[in-house]
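Me: Hi! Could you walk me through this protein?
Reply: Happy to, here it is.

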Amino acid sequence: MTGDRALLVKDKVTETFESPVSVRDIEEASHLIHQVGRTTPLIQSMFLSRKVTNGEVYLKLENMQLTGSFKFRGSFNKINQLSSAEKKRGIITASAGNHAQGVALTAKLLGIKAAVVMPKAAPLSKQAATKGYGAEVILHGDNFDEARKFMELKAVQDGLTIVDPYNDPAVIAGQGTIGLEILDELWNVDTVIVPVGGGGLIAGVAIALKSFNPSIHIVGVQSENVHGMAASVAAGQVTTQSTGSTLADGTAVATPGSLTFPIAQHLVDEFVLVSEEEIATAMKDLMQRTKIIAEGAGALPTAALEAHKIDKKWLEDKKVVALVSGGNVDLAKVAKNIDHFFCQDPTGHFVG
């Protein structure tokens, strides 16, 4: 897909609502990001394709992006657009880990001081990686929302510029570059399945895809335990939903963004929820059958496919892309997941 072709159809997205991000913004972000970032692989999964009658399932491997997650795209696009004064004062963000690493690496590349507020339970591997890129890591709160509130207070106190993990037009545009890459390799894609947290990823991808072809069916996937965006779309307004922790910690956002919500409301065709067991199964199968290490959030689309949560009409005889959003998972969690599935008694029940 060429940029010109995308620009010719961009008004199809804005016919029903005023989007804060256009496909032109996404095209500009793509030119910037690809000066440093990677064009990640799009590979066909024979294992998942066999589960769909006459369908082809492809995996978009954002676990192969710099920092191991799609989050580098939005962070890099946003931070590059800050003024000289903002860069000099420094930046701050809140993150469960992937956005933290994207911000930290970008700050290192641009010589900017960065602070990151992470929930106390953030995966140790993500904490270590963020520190490794040179950012100051501040542990605060039992969940992302508590970390975010503290980040907002510290930003005012220290005069730092907030790099929002999802509720920012430049961040949304950066994540949307994934949609353009999908179209470049598979222009006739029918269905795209995307993990959802605060909504920056699915908002950007939806704008990119629907600008080219409004008939592309976009599915958002969230955990049964934390699905603020799905609950908000169902309610018709931004609301909060959380009943516990989730393996998909990267998408554990109880309240979606005020900018991302209306985009999702207008452009995402459906939301489906998966259980913790289904997420764990998908993580295991991606590793065992496709040799891909995916964190819980990155395994959400695969979980939705394996658990048959998506209507067959959007899969059979279709070209389907499932987005593996990241692969930053603690080795201890991987080992625990392996034990869960392979340490069983003869009756097939889990032991330990």
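Reply: Let's start with V36, found in the loop between α2 (23-33) and β1 (42-44). Helices (H or I, at least four residues) and strands (E, at least two) are DSSP runs, numbered from the N terminus. This is a predicted model, where local features need pLDDT of at least 70, side-chain atom pairs count only at pLDDT 80 or more, and totals for chains, interfaces and linings use all residues. Residues are numbered from 1 along each chain as its sequence is written, and side-chain values use heavy atoms, leaving out hydrogens and water.

Me: Is V36 buried, partly exposed or exposed?
Reply: V36 is partly exposed, because its relative accessible area is 37%. Buried means under 20% relative accessible area, exposed over 50%, and partly exposed in between (1.4 Å probe, protein chains only).

Me: And where does S232 sit?
Reply: S232 lies in helix α11, residues 228-235. S232 counts as buried because its relative accessibility is 0%.

Me: Which residues does S232 touch?
Reply: Leaving aside residues up to four places away in sequence, S232 touches Q237, V238, T239, P256 and F261. Contact means heavy atoms within 4.5 Å.

Me: New topic: where is R50, and is R50 buried or exposed?
Reply: R50 is in the loop between α3 (46-49) and β2 (56-61). R50 is exposed, with a relative accessible area of 57%.

Me: Zooming out, how many helices and strands does the protein have?
Reply: The protein has 15 helices and ten strands. Of its 352 residues, 58% are buried.
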